[in-house]
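Colleague: I have some questions about how this model is described. Can we go through them?

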Amino acid sequence: MSQKIKDLAKLFLTQEDSQRAVCILPHVRSDGDAISSSLVLSTALEKLGFRTRVLLEEKVPDLYYFMPDLEKIEIYEANQRLPESFVLFVLDCHEASRLGQRAIFWQEAQELYVMDHHQVQEAPKAHFVIESDRSSTAEMVYYFVKSLEEVSGQTLLDLDMANNLTTGIYLDTGGLRYSNTGPDTYRVMAELREMGVPVDRISEEAFDQVPIEEARARGLALMKARTDCDGRLIWCFFRVRELLACSVDSDQLGYISSMLKKIQGTDLAIFMQEDVHADGTASLRLSIRSSEDFNAAAFAQSLGGGGHLRASGASLPIEGDIYDTVHYVVNQAKAALA
């Protein structure tokens, strides 16, 4: 457990009664790590007498239906403002730009706390805990909860919280297979398993259960996939009409880049999909996966995105012909691999 997390727990428990209301925000298009971390933090703080709200930009993807405490989640409504008495706790994200419409809260909050495990380009501000060597934000929240227990003298972690923490860690490490899985991760998972968490069931729900619509989309992706650089690069691109044809929404397809990465000889896999926004503008969303021989985070950062060494993402505005943007990304990938 890092000293920064211990210090943040001590600092957080010094909040005056007037500030014991917390709005918890994960990043847009929240994944299992972001959602589970938010739910666990909310439960822990409520046990300590805080009032909490967990506010997402979009509805929770169907993939996570098995997670406890999903009823805590609220969906952001246009022009919603942060109540004056609330402090802000941002999880799995360290910049306002990844909060979507909720970014206004970043400026409005009386106090801002951030916990994230993604790589950062700039030095973090006060009340920021960024640990890029951690497997997941869920792992960091586990240590934060244990620190809160130590400072408060109360037992906070229960079985539902342990289930959610396990889900977040398991999903963000690809079932403990990715390079971000360190020795501490296994220690945390062992303790959660000892509490009675059914890891086998979580594994099946998270990785082995696929709706037929998503299975069709995966099949289409394999049909459309193209390779370059002697097979080191594999990429695929979906238009909105193809998402509609498969009856899936864009947030159901995060696994496709990981699937493409499994093709033998691949060092860089990129799944691109067209996003058309309510204001009529469009962007190209990228999901990037890589082998140990390629830095996915650095490549994503070169395109205005970010993430982990082996799993990252980015979003590029589409100006003009969408295929020009797709070819730009592919050419950048070829140059990076060269």
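This is a predicted model: local features need pLDDT of at least 70, side-chain atom pairs count only at pLDDT 80 or more; totals for chains, interfaces and linings use all residues.

Modeller: Start with a term. The chain has twelve helices and twelve strands.

Colleague: What makes the chain as compact as a globular protein of that length?

Modeller: Its radius of gyration is 20 Å. The globule rule gives 20 Å for 338 residues. The two values are close, so the chain is as compact as a globular protein of that length.

Colleague: What share of the residues counts as buried?

Modeller: Of the 338 residues, 54% count as buried.

Colleague: Now the aromatic pairs. Why is the pair of Trp-106 and Phe-128 called edge-to-face?

Modeller: The structure holds 13 aromatic pairs. In this one, the ring centres are 6.0 Å apart, and a pair needs centres within 6.5 Å. The planes stand at 80°, and over 60 counts as edge-to-face. So the pair is edge-to-face.

Colleague: What parts does that pair tie together?

Modeller: Trp-106 lies in helix 3 and Phe-128 in strand 6, so the pair ties together parts 22 residues apart in sequence.

Colleague: Is Trp-106 buried or exposed?

Modeller: Buried means under 20% relative accessible area. Trp-106 has 12%, so it is buried. Phe-128 also counts as buried, at 12%.

Colleague: What makes Phe-238 and Phe-271 an edge-to-face pair?

Modeller: Their ring centres are 5.2 Å apart and their planes are at 80°, so the pair is edge-to-face. Phe-238 is in strand 8 and Phe-271 in strand 9, 33 residues apart.

Colleague: How do you know that Phe-238 is buried?

Modeller: Its relative accessibility is 0%, and the cut-off is under 20%, so Phe-238 counts as buried. Phe-271, at 1%, counts as buried too.

How values were computed. Residues are numbered from 1 along each chain as its sequence is written. Side-chain values use heavy atoms; hydrogens and water are left out. Helices (H or I, at least four residues) and strands (E, at least two) are DSSP runs, numbered from the N terminus. The radius of gyration is taken over C-alpha atoms; the globule rule is 2.2 Å times the number of residues to the power 0.38. Buried means under 20% relative accessible area, exposed over 50%, partly exposed in between (1.4 Å probe, protein chains only). Rings of Phe, Tyr and Trp (its six-membered ring) pair if their centres lie within 6.5 Å; planes under 30 degrees apart count as stacked, over 60 as edge-to-face and the rest as tilted.
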